[in-house]
Amino acid sequence: ISLTGVDTLPASVGSINGRDTALVLPVEASKVYLVRVFLFGNNGNGIKYALMCPAGSTITGWMSYNQSSTHSRQEITAIDTFGSLTMTTNGALCEIWARLKTSTTPGNVTVKFGSTIDNTQSHLYAGSSLVIHEIDGGEV
């Protein structure tokens with residue numbers, strides 16, 4: 001496994017009804033990657049997350065939330081699809097661990113977030129990060 005890139009939010013960002021974040025890293029075509037995302041945010045009604053990836057890519061992994069004393073997780077099998085888990089505790093941690101297999105199209109991996117309720121402000125805090133490792137010799 002070799003480190004491909006690290007991107008960290010330098011300042012908090014807000015969103016109403018969902019947006020892409022500044023957490024963006026490039027990936028090459030026909031490669032296999034380990035994608036790790038660490039997100040801290042708040043919205044009392046809930047925040048949801050998704051990963052946008054190059055066309056034709058496949059992804060498998062887990063999204064996990066730790067809120068107060070509750071731990072929840074959900075399997076990730078779709079790109080650019082918000083998970084049904086929502087984070088409602090201020091400053092709670094969301095972790096995403098996934099295997100990304102790109103097709104013949106290079107592009108970017110982008111973290112997307114939004115509120116579970118329309119027209120409600122959500123915040124993603126500084127220090128949230130996206131880390132991508134290429135799996136050397138990974139099955140393509």
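The search for disulfides, each defined as a pair of cysteine sulfur atoms within 2.5 Å, comes to a count of zero. In general, a disulfide is a covalent bond between the sulfur atoms of two cysteines. Cysteine 53 is buried, with a relative accessible area of 15%, and cysteine 94 is also buried, at 0%. Here buried means under 20% relative accessible area, exposed means over 50%, and partly exposed lies in between, with a 1.4 Å probe and protein chains only.

The structure is a predicted model, in which local features need pLDDT of at least 70 and side-chain atom pairs count only at pLDDT 80 or more, while totals for chains, interfaces and linings use all residues. Residues are numbered from 1 along each chain as its sequence is written, and side-chain values use heavy atoms, with hydrogens and water left out.

Attention may now turn to charged side chains. A salt bridge is a side-chain nitrogen of Lys or Arg within 4 Å of a carboxyl oxygen of Asp or Glu, and the whole structure contains two of them. In one, lysine 31 pairs with glutamate 28, and the closest N and O atoms are 3.7 Å apart. Both residues are partly exposed: glutamate 28 has a relative accessible area of 45%, and lysine 31 has one of 23%. Lysine 31 also forms a salt bridge with glutamate 134, where the closest N and O atoms are 3.3 Å apart. Lysine 31 lies in the loop between strand S3 (19-27) and strand S4 (32-42), whereas glutamate 134 belongs to strand S11 (residues 129-134), so this pair ties together parts that are 103 residues apart in sequence. Glutamate 134 is buried, with a relative accessible area of 17%. Through shared partners, the salt bridges join Glu28, Lys31 and Glu134 into one network. The strands named here are DSSP runs (E, at least two residues), as helices are (H or I, at least four), numbered from the N terminus.

The next topic is the nonpolar core, a set of buried Ala, Val, Leu, Ile, Met, Phe, Trp, Tyr and Cys residues joined through side-chain atoms within 4.5 Å. The largest such core has 27 residues, and Tyr49, Leu51 and Leu130 have the most contacts inside it. Among the elements that give two or more residues to this core are S3, S4, strand S5 (47-52), strand S6 (58-67) and S11.

Finally, the loop between S5 and S6 holds glycine 56. Glycine 56 is exposed, with a relative accessible area of 55%. From C-alpha to C-alpha, glycine 56 and threonine 105 are 7.1 Å apart in space, although 49 residues apart in sequence.
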